[in-house]
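Hi everyone, thanks for coming. Let me put the sequence and the structure on the screen, and then I'll walk you through the packing.

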Amino acid sequence: MDSGCSSLLREVLGQFAIYGEFECAESFGSGHINNTYRSRWNQAGVRVRYTHQRINEKVFVRPIEVMENIQRVTRHIAGKLEREKADDRSRRALCVVPARDGKPWVRDGAGGWWRTYLFIEGTHSLEVAHSPAEARILGKSVGRFQKQLEDLPEPRLHETIPNFHDMEKRYARFYDAVSKDAHNRVKDAGPEIAFMRENEERGAVLIRALKNGGIPERICHNDTKMNNILIDDEDSQVLCVVDLDTVMPGTSLFDLGDLIRTVTTRAEEDERDLARVEFDPAYFEALLDGYISEAAEFLIPQENERLAESGRNITQIMGLRFLTDYLEGDHYYRIARPGHNLDRCRNQIALIRSMDAQWETALRITQKLIARYN
Ligand code: ADP
Ligand code: GN1
Ligand code: MG
């Protein structure tokens, strides 16, 4: 760790209610949105670590609402774990560390918003799943997370990013980016733009079902890609779902869909060798089995009917968002190379094509599992 961290970071850390002697801090994690750091402190001879994040205010324009949601959600889950007398509770739910003034955030001198969590020790997250067994525990963890929040008391959570998974609104923004072509990039993305146009109608099925009441609104995480799930180094079981900024109303299918998108292929989201981007039915089956084993008690037939579609749908919305960001000049997702967002979009399209090629198999698996748990 780098003990000579920036003076801004030191100033921020000093305002959180952390006791003991600061030792060092370093940047951490591979998310696309927030800036994450990890620090270490000597607390009367015991070394304790914390996670600190600068909230991306361009993405989360109302940080107070984000933190209100996160506090309600983490307290609700922690309360349940306590009543169940679950062991290792402080590793099974994120724990917000308040500032010295009692607020769950700190403002830095430049107006930035920061929060702190206990660092959950002895865990790792995955960028790709390596076995159906891993796929199963990932599915189970998200089913359980949704179940834990089924009875969150009123009021409704804030929509921290309004219309986040609204395909219709995402398409409107995409068409706007195509027509403005502000960075002269439309010429490089002809096949991808054509694919998105051809798939617009099918892409709208989930959001239309949600809007017209065909499927119920539920609290969901909305960003369940695999690296937001922490796994215990010791026994390889899931401990905790993190990255809670987008926990808000949605449909259960958004979360299952993002898991299908990230867990059923062995290729990372920005893999350029598209021959490697393949939908694997064995991983799909294990993932869905794990998910339904927890979620069966609340899923209704209208959700069950759309389980397989959810994966295709969320893959499409991510492809569309990567493409839009590419056309708009890469202002949203962090990129590591020119064309990174276009590569990500191509990858998502390749995954949809592979899903489509095995669509009947996916439907058969889904039917079988629904029958098993009902
Ligand atoms: P982003 O919005 O940028 O994706 P995340 O909240 O997902 O930010 O954090 C980035 C990564 O840091 C996560 O994928 C996870 O691996 C790790 N991480 C976040 N919070 C904790 C924590 N409390 N304990 C351990 N690791 C964490
Ligand atoms: C972002 O924050 P992170 O890296 O976990 C994005 C998700 C996308 C994902 C694609 C708030 O997630 O919606 O699915 O990148 N989060 C936000 O990797 O836009
Ligand atoms: Mg993340």
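Let's start with two helices, H8 (residues 252-263) and H11 (residues 307-327): their axes come within 7 Å and cross at roughly 75°. Axes here are lines fitted to C-alpha atoms over the stretch in contact, with angles from 0 to 180 degrees between N-to-C directions, and helices are DSSP runs of H or I, at least four residues, numbered from the N terminus. So H8 is roughly perpendicular to H11, a label for angles of 65 to 115 degrees. On the H8 side, the contact (heavy atoms within 4.5 Å) includes Leu253, Phe254 and Ile260, and H11 brings in, among others, Leu307, Ile314 and Met318.

A word on the source: this is a predicted model, where local features need pLDDT of at least 70 and side-chain atom pairs pLDDT 80 or more, while totals for chains, interfaces and linings use all residues. Residues are numbered from 1 along each chain, chains are lettered from A and ligands numbered from 1 as written, and side-chain values use heavy atoms, without hydrogens or water.

Now the inside. The largest nonpolar core has 68 residues, and Leu138, Phe174, Met196 and Leu323 touch the most other members. Such a core is a set of buried (under 20% relative accessible area, 1.4 Å probe, protein chains only) Ala, Val, Leu, Ile, Met, Phe, Trp, Tyr and Cys residues joined through side-chain atoms within 4.5 Å. H11 gives the largest share of this core, 10 residues. Beyond its neighbours within four places in sequence, Phe174 contacts Ile193, Met196 and Leu320, among others.

Notes: Angles under 35 degrees count as roughly parallel, over 145 as roughly antiparallel, 65 to 115 as roughly perpendicular and the rest as oblique. Buried means under 20% relative accessible area, exposed over 50%, partly exposed in between (1.4 Å probe, protein chains only).
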